[in-house]
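Please follow the chain through its sheet, one of its helices and one of its loops, keeping the sequence and the model side by side.

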Amino acid sequence: MAEISQSESSRNLLSRGAEEIDLGQLLGTLWRGKLWIAIAMAVALLLGGYYAFVSAVPTYTSSATVALESRQDQVVDIESVVTGLGGDQSTINTEVEVLRSRGLLEQVVERLDLTNDPEFNAALRERSMFSLGALLSVLRSGSDEEVAERRALDSVIDVLSDKVAISNIRNSYVFRITVTTEAPRKSALIANTVAEAYIRDQISVKFEKTAQATEWLSDQVSTLRLDLENAETELKSFSSSTDLISPEGLFALNRQLKDLRDRKSNLTEAIAAQKAAVVNLETVEGLSPEEKAQRANDPSLARLAEDIQNGVEGAAESFETQYAVLLTRAQQEVLRLEAQFEAVDTSIAELTERIETQSSELVRLQQLEREAQANGLIYEAFLSRLKETTVQQGIQQADSRILSQAVVPLSPSAPKKSMILALSLILGAMVGGAAVLIREMSQNTYRVAEALERNTGLTVIGQIPTIPSRNRANVLQYLTDKPNSAAAEAVRNLRTSLLLANIDMPPRVIMSTSSIPGEGKTTQSISLAQNLSGLGKKVLLVEGDIRRRVFSEYFDIHDKPGFLSVLAGEASLQSAVTFNEQLQADILLGETSKVNAADLFSSDTFAQFLGTLRDAYDYVIIDTPPVLAVPDARVIGQHVDAILYTVKWDSTTHRQVNDGLKSLANVNLKVTGLVLSQIDQRGMKRYGYGDSYGAYQAYYNS
């Protein structure tokens, strides 16, 4: 098989780093999975055909229509008792739910005796003794008979509810009652019965409401009459037992109270001023007559003070007598004002108490009057409503009428065979497409080189198909016997890409590694060594994986020292290498060592040893352990010219490859190229990637 080339077909459905779905990739993925989609469509078509023509039971649909009379002329307009229905949407929705109600459907079940119809009563159908229904019947056999009958009736109502559909014809007051059963006449009969039960139910509900309203209104009128009589009696009794004034008189009392409070405030100020005057007259010790007269502000005292100053005889005694009179008068004025203050304060308290009493009694009187008036109004309203309701009894009419009777259908309404087949194809295509997309989106391995290059940023320089050999020992024989096979050509392409990777300095020491064991790196190393030796070059194949030592599964070499013996000086290079006729190259085996392999490869001795091999051979190929298992490859890689990193087709996960490459990059090792190995051609076709390979088959001889 030639080097595999798939362009956009292998890309993920979601572009890396993008938020939009690439329709081209989506359609490409669906096209690659067209076989699976076709199989899913075929299976769905077969299942749909079986259901439509064999399994499905024909059903018949019949419809009756009922019109809502939204504007009825009532004989007596009593909206709260037996009003005609309105035409708003809420009313229409309510009537739809009434038509679907279990109570209405129960009337239909009883009228048509549907409990004895096997289509509605599952207990009447034949069933296996080991069925779930039979087991439930045994468990329920010991229950109460009345409970069992009610449970059976509820079950029939549930079945009938599923078979009856109620809808409102748009922009109208018309309801369509649609019934679907296994018998045409039964469907029409049930639809008509539901419509008739709905009409009768409306009349029955109105009659019951009228009777209930009459009874309730009678009780309320009797109660309200007693309440009215009690309220009037209490009002008369209160009016006769209390001394009330009018609201105007109460207002006058409040005005009088305000005046008293103002007078009290004035007296308070006058008392304070008079007391200050008394204190002013009392505190005159050490003052001259002129100063006392000036403080008393009295003309007579002023004249007496002048007489004292002029030396008039008896003026001093007259002055003291007059001053004492003035002080006594001031003190008596304080007492008089305080007496007035107490009298006003007492009047305010008495008037306040009187106002509070009058206010409370006035509020109580008004409350009793309002209660009596309200009871009277309510009593009159209920009495009037009772008379209207009594007249209304017996003249109820339905709010709806049957617009058209259901007719017996001539052909089944289901199953719609053509629609079922078409939907089966569509569903099959959707399921198949979803399966293909889910498989593609959940894929976490590498199937094509473009995806590997896109995710790693490295170039894929080789794509090796699976070599059809039963064991590893036959791999080399297959490549020798079939030099024109797809595998051999893929190895040649790998060799060409490797040697042309650096034309100025072609690699001579080549390391082959991978992420994990079992990815085909050893087979690739052997195939590349054989291919390089076919160019007439001197090639050495070194077993660098001294931990597992798998060369023994490919070559029958015994009793030969390994390169560790050469490093230790225990054997010469010539004695350690083995020339293989099929490989046409030398082989240097590995051998066990007590020293850690990574420490051994890190030594200067190993670096000098590789220099010796570089001088002795045109190409040296070192097969190393996986990078995620042990650090050997990262150490050996420091001394090589090229690193081949093998990724097993549809096996190694994205994370394993990224972790392996990252471990090499962390020690400054650059991978020369990636190799996608063990590609299964049948698997590629199964995944939808095989369309591009047919053109190359003429060049291969496998």
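Contact here means heavy atoms within 4.5 Å, and helices (H or I, at least four residues) and strands (E, at least two) are DSSP runs, numbered from the N terminus. The model is a predicted one, in which local features need pLDDT of at least 70 and side-chain atom pairs count only at pLDDT 80 or more, while totals for chains, interfaces and linings use all residues. Residues are numbered from 1 along each chain as its sequence is written, and side-chain values use heavy atoms, with hydrogens and water left out.

Helix α13 comprises the 25 residues 417-441, and its end C-alpha atoms are 35 Å apart, which agrees with the 36 Å that it should span at 1.5 Å a residue, the expected span being 1.5 Å times one less than the number of residues. Its buried residues (buried means under 20% relative accessible area, exposed over 50%, partly exposed in between, with a 1.4 Å probe and protein chains only) are I420, S424, G428, G432, G433, V436, L437 and E440. These buried residues of α13 pack against α1 (23-32) and α2 (34-55).

The sheet is an open one of 4 strands, antiparallel in its pairing and ordered β2-β3-β1-β4, where two strands pair if DSSP finds at least two bridges between them. Since β2 (164-168) and β4 (400-404) stand at the edges with a single partner strand each, one side of each is left without a neighbour in the sheet. From one strand to the next the twist averages 30°, with axes taken as lines fitted to C-alpha atoms, for helices over the stretch in contact, and angles running from 0 to 180 degrees between N-to-C directions. Strand β1 (residues 60-68) and β4 run antiparallel and are joined by 4 bridges, and A67 stands opposite R401 in β4. Helix α7 (residues 145-163) packs on the sheet, where it touches β2 and β3 (174-181), and its direction makes about 45° with that of β2.

The loop between α5 (102-112) and α6 (132-140) holds D117, and E119 lies in that loop between α5 and α6 as well. D117 counts as buried at 14% relative accessibility, and E119 is buried with a relative accessible area of 8%. The side chain of D117 reaches the backbone nitrogen of E119 at 3.0 Å, whereas a polar atom of the E119 side chain lies 2.9 Å from the backbone nitrogen of E182. Leaving aside neighbours within four places in sequence, D117 is in contact with L124 and K186, and E119 with R125, V159, K163, T181, E182 and K186.

Terms used
A polar contact is a pair of N or O atoms within 3.5 Å; within protein, one must be able to donate a hydrogen and the other to accept it, and residues adjacent in sequence count only if both atoms are side-chain atoms.
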